[in-house]
Amino acid sequence: MDIQKIRADFPILSRKVYGKPLVYLDNGATTQKPRTVVESITDEYYSVNANVHRGVHFLSQQATELHEASRETVRRFINARSTAEIIFTRGTTESINLLASCFGEEFMHEGDEVILSVMEHHSNIVPWQLLAAKRGITLKVIPMNDKGELLLDEYKKMFSERTKIVSIAHVSNVLGTVNPVKEMTAFAHEQGVPVLIDGAQSIPHMPVDVQELDADFFVFSGHKVYGPTGVGVLYGKEEWLDKLPPYQGGGEMIQHVSFEKTIFNELPFKFEAGTPDYIGTTGLARALDYVSLIGMDRIAAYEQELTGYAMRHLKEIPGMRIFGEAADKGSVISFLVGDIHHFDMGTLLDRLGIAVRTGHHCAQPLMQCLGIEGTVRASFGLYNTKEEIDTLVRGIERVRQMF
């Protein structure tokens, strides 16, 4: 990988912060956007903009073709069987809310159970809690060991005749743990239970094949894979999506409406009420094309090398505590140094031009399990370098010496 050539595709990486070169290590929250993505958005607004699916005129038909071509790009990227299985949403959070609402309405009743893990993002906890309040269902939580690895023996004991769905993160946004979702899904299926995989933190960093994983549902956000904000994907096996009721009512998700009865549209449009973000879906497709051209295997290998390099050098810092040292770990490192508050560390690193994230990272139950309030999190992307990691290490040392 020619990292300098890749970095040239991201103009923001050349800017300065407080007079220092920007070192952007907050990719777990959102990634920067290559020129091709931004230009595709501008070009479509200036040359093709028209509402999709509803018009007979040229611009509408062209916009529709771009929008549906984007759906095919997503299908190909995650190896879904059909574009009918690709639902466009506003992101991972809406995708999970959609599924929790529709699945719960159709299949869950008082006393039924959903299995989550201790390392879930709030977006994969709160929607199920809302469902629990409405339906009286129970949440079961998979524990983990000291390395941040889920205890699979405990997971297997959790299933009962009331277990209706498993909903788990592919990669922890705090610990970087890559969960064995293929194995977990296979066991759930032996019990007749479907599985939702939260791929927000895996889709930018590794190849994902939903058929190989045998995922019943898989969700992710465009902005975490170098695409625009406000657009995401819910993949669902067609046989499951056919069984679920619509999430919202309105235009596009209908075939026929009368005051007596409404007939809903076919997949995937049954779940896409109203005007979609057809500009955003084009940007998402360009982002997926961009990383595909580089190669997800190459990206995964490079980021693994970066993460290993960072782990080795961060551990040399006196007082360093790293949270999450799973055998299979993604490009996320959460840490604390001595008694320095994570907010103080993040604020002072920012003055050195180093962008990291601080706080509970929308994973407060995990923080409670770890016995801490929050961490500093450095998360890497395909454009980061070992030199930037060196800058981070020097910055942490400088802050440590101040305290």
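**Salt bridges and domains**

Modeller: This is a predicted model. In it, Arg 7 and Glu 388 pair through their side chains in a salt bridge, 3.1 Å from N to O.

Biologist: How many residues apart are Arg 7 and Glu 388, and which helices hold them?

Modeller: The pair ties together distant parts of the chain. Arg 7 sits in helix H1 (residues 3-8) and Glu 388 in helix H14 (residues 386-402). The separation is 381 residues.

Biologist: Are Arg 7 and Glu 388 buried or exposed?

Modeller: The cut-off for buried is under 20% relative accessible area. Arg 7 falls in that class, and so does Glu 388. The answer for both is buried.

Biologist: Which helix holds both Glu 68 and Arg 71?

Modeller: These two side chains form a salt bridge at 2.8 Å, N to O. They are 3 residues apart, about one turn of the helix. That helix is H3 (residues 58-78).

Biologist: How far apart are the closest N and O atoms of Lys 237 and Asp 216?

Modeller: The two residues form a salt bridge. Both are buried. The cut-off for a salt bridge is within 4 Å. The closest N and O atoms are separated by 3.5 Å.

Biologist: Where in the chain do Lys 237 and Asp 216 lie?

Modeller: Both are in loops, in distant parts of the chain, 21 residues apart. Lys 237 is in the loop between strand E10 (232-236) and helix H9 (238-241). Asp 216 is in the loop between helix H8 (210-213) and strand E9 (217-221).

Biologist: Which residues do salt bridges with shared partners join into one network?

Modeller: Side chains of opposite charge can pair when their charged atoms come close. Here, shared partners link the bridges into one network. Its members are Asp 26, Arg 357 and Arg 377.

Biologist: How many salt bridges are there by this rule, and how many between domain 1 and domain 2?

Modeller: Domain 1 covers 3-26 + 295-401, and domain 2 covers 38-293. The count by this rule is 19 salt bridges. Between domain 1 and domain 2, the count is 0.

Biologist: What is the area buried between domain 1 and domain 2?

Modeller: The C-alpha centres of the two domains lie 28 Å apart. The contact draws 35 residues from domain 1 and 28 residues from domain 2. Carbon and sulfur atoms give 61% of the buried area, which is about 2500 Å².

Biologist: Which residues of domain 1 lose the most area to domain 2?

Modeller: Three residues together account for 25% of what the domain 1 side buries. They are Met 296, Cys 362 and Leu 366.

Biologist: How many residue pairs are in polar contact between domain 1 and domain 2?

Modeller: The contact has 0 salt bridges. Polar contacts are counted with both residues at pLDDT 80 or more. That gives 18 residue pairs.

Biologist: Which element gives the most to the side of domain 1 that touches domain 2?

Modeller: Helix H11 (296-314), strand E14 (332-337) and helix H13 (364-370) each supply at least two residues to that side. The top contribution is 6 residues, and it comes from H13.

Biologist: How do the residues on that side of domain 1 divide by type?

Modeller: The classes are nonpolar, polar and charged.

How values were computed:
Residues numbered from 1 in each chain as written. Predicted model: local features only at pLDDT ≥ 70, side-chain atom pairs only at ≥ 80, totals over all residues. Heavy atoms only, no water. Domains from an automatic or database assignment. Contact = heavy atoms within 4.5 Å. Buried area = accessible area lost by both parts, 1.4 Å probe. Polar contact = N/O pair within 3.5 Å; in protein donor to acceptor, adjacent residues only side chain to side chain. Helix = DSSP H or I, 4+ residues; strand = E, 2+ residues; numbered from the N terminus. Nonpolar A, V, L, I, M, F, W, Y, C, P; charged D, E, K, R; others polar. Buried < 20%, exposed > 50% of the residue type's maximum accessible area, 1.4 Å probe, protein only.
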